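Subject: Structure for you to look at

Dear colleague,

I am passing on the structure we spoke about, and below it you will find a short account of what was found in it. Please read the account with the structure open beside you.

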Amino acid sequence: MRTTITVNGQARALDLDPRTTLLDALREHLRLTGAKKGCDHGQCGACTVLVNGVRINSCLSLAVMHDGDEVTSIEGLGTTEALHPVQRAFLTEDAFQCGYCTPGQICSTVGMLAELEAAIPSQETPRGAKPALTDAEIRERMSGNICRCSAYPQIVAAIKSAAEAMA
Amino acid sequence: MKAFTYERAQSAEAAVKAATATPAAKFIAGGTNLLDLMKLEIEQPQHLIDVGRLPMAAVEDTADGGLKIGAMASNSHAAADPRVRQRYPLLSEAIVAGGSPQLRNKASVGGNLMQRTRCAYFYDTSKPCNKRQPGAGCAALEGLNRNAAIFGASHACIATHPSDMAVALAALDARVETLSPTGQARSFPILELHRLPAERPEMDTHLVPGELITAVVLPPPPKGAQVYRKVRDRASYAGGLASIAVAGPNVALGMVAHKPWRAVDAEAALAAGATPAEAMARELDGASSAGRNDFKIALVARLGAAALAEAKGERT
Amino acid sequence: MSSVHDWEAPNPVKTNRSGLIGKAVDRYEGPLKVTGTAPYAYEVEPPSPAAYGVLVTSTVARGRIVAADTAAAEAAPGVLLVWTPFTVPAQAERPAVTDFWSASADPALEDDRVRYFGQAVGLVVADTLENATAAAKLVAFSYEQEPAQLVFDQHLGEARDPPGESDVRVGDFEAAFAAAPVTLEGTWKTPLQNHCQMEPCATTAWWEGDKLTVHTSVQMVRRTQQGLALTLQIPKENVRLLTRYIGGGFGGKGSSYEDLTLAALAARALDRPVKIALTRQQMMTVTIHRPATVMDVKLGATPDGRLTAMSLITTTHCNRRGTFTEHASNFARSLYAAPNRLTGHRLVKLDLPHAGAMRAPGEASGMLSLEVAMDELAEKLGMDPIQLRILNEPEVDPETGKPFSIRQLVRCMKEGAQLFGWDRRLPTPGQVRDGRWLVGFGMAAAIRGNFLLPARCSFFVDAEGVITVRQGMTDIGTGTYTVLAQIAAETLGVPLGAVRVEIGDSELPPAPGSGGQFGAATAGSAALDAGMNLRKAIAELAVADAGSPLFGGRPDQVTFQDGVVAIENRSERLGDLIRRAAPDGLTAQGEIRPAADARNWSQHTYGAHFCEVGVDPVTGETRMRRMLGVFAAGRILNWKTARSQLTGGMIWGVASALTEGNAIDPRYGSLINQDLASYLVPVQADIGELDAIMLDEVDDKANPMGIKGVGELGISGAGAAVANAIYNACGVRVRDYPITPDKLLAGLMAKGM
């Protein structure tokens, strides 16, 4: 099926098997392998990308469902020469080890900070309150991204320092 | 995944028409549960009708002071709506107890209600499962059924419904609006959406083939406190062992039955002046376990009593 | 053979003049990882587009495949190849006896036997991943099933000593235990666990003539490359194996699996590149797991807390065809003084997937028993658990009588206690409440052995003065790239930016790979040697070069600093020297071998864990609120990567106490948890405030740098601290891990709570 998706600012016309997930379209068709396949069932978050600015699991979405959408993957956030503030913070705080979950963690962080801005609640948000960037909120909101190396404390530190840098 | 064809529906009417016109068609909105199951070939639709972009994502006030949530609203959007948070905090809190932020951003409100059980034997296609393959038998009955139902199970199926949101909706007396294949709209209480397994566990709901959920309608919130509590093996991003929603006099239990379980016996006992623990004990008179899930009876008794006490505390 | 005394001479890592050693240096490959541009095995670009392979796995636990119907799969769209044991190309036979450290043939789909549920029994290759995945579901096998031994608990009576092993006895344990005034006896159980590396095993393979290139995800380069050559029956120089970026290993990628062999075979058969990744579900059975254990602990003590008798006997399991033993009793041999000791292992053969090494094999399970038993004994004696441990601190290794190379366990406990606020712990459980949570403190000791293996390394300096480190080593997230760069920079006196590191390639000088927390010490020591040899070569080059200001000087007086070589005030830039005197660059080789006398010392890494948990007495839920580990593990090369290894390990320990474990369906031999929604590794919300502190230490018996490993120390004992904190919070002991709400609830109710 013909599908056009704007990926990292560039319109990409694809002719896809309807079964192709957004994740496999990125990885196998567009050779953007930053988004990772950890479980292929929405159980790990390694495939997290931003669609129209909102973080989702790209493994649990068909590429053909995203005709006309704007997708931002890790490759669209920054480069080794010009790191995004979240990428820089992950590097500085050592918020990863094997690196496989890292692009998903970073995309998720960018989406998460936008969700906080938009006052989307989490189970850590006190009733009636606007959510704040507390450690408990970060931990809950980043729980859709598993890090088996367990860089969790460093990820919290990185997110706090990135949020400060971006403020 | 088995091969399928795909279309993006232009209207709800066209969607339901396409669903009846095409054999083995299914609606897809967020896709977070359907695609999970299609990858395992537990679901094998031959045609997908994408209803995700239909203009049914709004949250609107209703004339009677309630709220109507479009079926295509994302779980995140529904949980974040200021009116939901203010008037139905229980619903917001139940939604954010489910899945992960990424899943909630993608999953629709309608799809949340249509999600299927997480029973390990339903997911393992090498095992007999009446829900997957009618008549095959149920591997969970004699299996590692730690998370099986304690209410309303049958000899054919002891699976539970995994939704958090639906438990809150059950306690809030929500109604479900649908569009039938004939183009007719109908509205019915959420408790009439899901079925108990009985002899037909392959059917999760009472919807007719091709019927599309278009909205969930909340009546004005009942008087009294709202509480949602969920117990699970991990702090987040995990299915529940049990949950409870309290909305004023209404009590619903989650992950304990094939459907969100309205605890009518507990409600009646409370109305008659029973303590929270007594009310839960009354409700659990009807519970039975499958072997490995005995603890859920005690867990629900204690969780329920604590949540009801918490709700009472808020009232005083 | 060398001696540890050969390592006493000063070297740049010890003197650390450039100050790079121990620094919190960012990861060398970090920029690639945070930008998603580090290519993992499945993402490598082959010379032409790859075909996609998908494995098919067995649905019975034991028996014979009597027929394989591949017609539907072969007729499916895009399918290029379908293999079963009946049609897979010939490979070398599996040797009757294999040894983990030597390469051996590992044929895929080798015969019609099914040895466990979820064994790889077929392969489908197609033009697209979607077509291959769908066609794999169409391969139908008929099995002749045989009775299988599946339930560990039911076969404990058949447990035997592992091959070549027998119990270790010191003194007369039985008599001393019988005579002990105070005793503690108990059985602890740990479940089967899965590694769940985030990157599933994957291989991309292609052939150019008779030369095979494979990019795969493994911890050991040389052994895997040679094993593949043996399997394929081709000369080993015809196989190039690369593993540049590895999405987690934890022992599970110490072996390779069918993705490797079958990708190579299919690429040859199809004459085009083929790539295969295991699915998450397949990872659970096709790869190894940590086996379940049953651990019997017996402690005898005097009323004042001196251990007189100590025993830990572990029973564990492996596949009927395997020999792997989870040595969960070994650590106890060196931990506490007790004159009468008995330790050993028993092994049960089951028809389950293969048991194997998983992060801190032995300690990770074993310390969940003894370190809780010590907590229980302390309570029985009315003593503080730290005091009990200090009282039983041995002067020398309590089993062998060998001196310790260095042992700072007591310091770890004391400093940890102070930093954590251990004095605020109330010895009687159930005294502290915070909202709906009962709060408790627990602690446990940590011990994990330290090892050094043979390795080589080469250093190259080019005309720009850039040093390239080359080693067939791996970085599984441990920080290998980074510490090698630091060692090179410090040794040659160049900035970190002037170092390149090339690892993960079988054409590079061999190193054993990553595992057993031996990686940094082993690879790093070979690198140091290469660096020293390159220093020497550069110094000799400089003093012999008439164009150099250093000309005519003594090579041993040449200093290396800031990219400059100098003898006192005569100096030039390293790059200038090389460009002029050796324009093609200079290479030096390095090597490390274990010292002949290294085992004259009892050598370990140590630590102490402190944990605060909350227990909801209504629901039995536990939350880890705060945790601190204090560790002594030799000189630390990199504060950041070492700390991350330790905190990561601690979190694994939390998971082993609270959530992690798999169960076997006794009817089918299948695992109940087949994915990451059901096999619960921790998520971010499970981990409260957590930190690791590393004490100053140098272990001069370990290697020339005095460093030791940290990758497995963090998990060792961590779960026991959690379990002890749970008891302190609510007064319930659960000896069957993990301590899930259902088990804790039963204990709470039994206590009338």
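Buried area, as the term is used here, is the accessible area, taken with a 1.4 Å probe, that two parts lose on being put together, summed over both. Please keep in mind throughout that this is a predicted model.

On the domain 1 side, Val16(B), Gly30(B) and Thr32(B) account for 43% of the area buried against domain 2, which is more than any other three residues supply.

As for specific interactions across this domain interface of chain B, the rule finds 0 salt bridges, while 1 residue pair is found in polar contact, with both residues at pLDDT 80 or more.

I turn next to the interface between the chains, where 41 residues of chain B are in contact with 43 residues of chain A. The area buried between chain B and chain A is about 3,200 Å², and carbon and sulfur atoms give 53% of it. Within chain B, the residues that lose the most area to chain A are Arg85(B), Gln102(B) and Tyr237(B), which together make up 22% of what that side buries.

Across the interface of chain B and chain A the rule finds 3 salt bridges, one of which joins Asp69(A) to Arg53(B), with their closest N and O atoms 3.2 Å apart. Between the two chains there are also 25 residue pairs in polar contact, both residues of each pair being at pLDDT 80 or more. Several elements of chain B each supply at least two residues of the side that touches chain A, among them β1 (5-8), α2 (34-39) and β9 (226-232), and the largest share of that side, 5 residues, comes from α6(B). By class, the residues of chain B on this side divide into 19 nonpolar, 10 polar and 12 charged.

With best wishes

Terms used. Residues numbered from 1 in each chain as written. Chains lettered and ligands numbered in written order. Predicted model: local features only at pLDDT ≥ 70, side-chain atom pairs only at ≥ 80, totals over all residues. Heavy atoms only, no water. Salt bridge = Lys/Arg side-chain N within 4 Å of Asp/Glu carboxyl O. Polar contact = N/O pair within 3.5 Å; in protein donor to acceptor, adjacent residues only side chain to side chain. Contact = heavy atoms within 4.5 Å. Helix = DSSP H or I, 4+ residues; strand = E, 2+ residues; numbered from the N terminus. Nonpolar A, V, L, I, M, F, W, Y, C, P; charged D, E, K, R; others polar.
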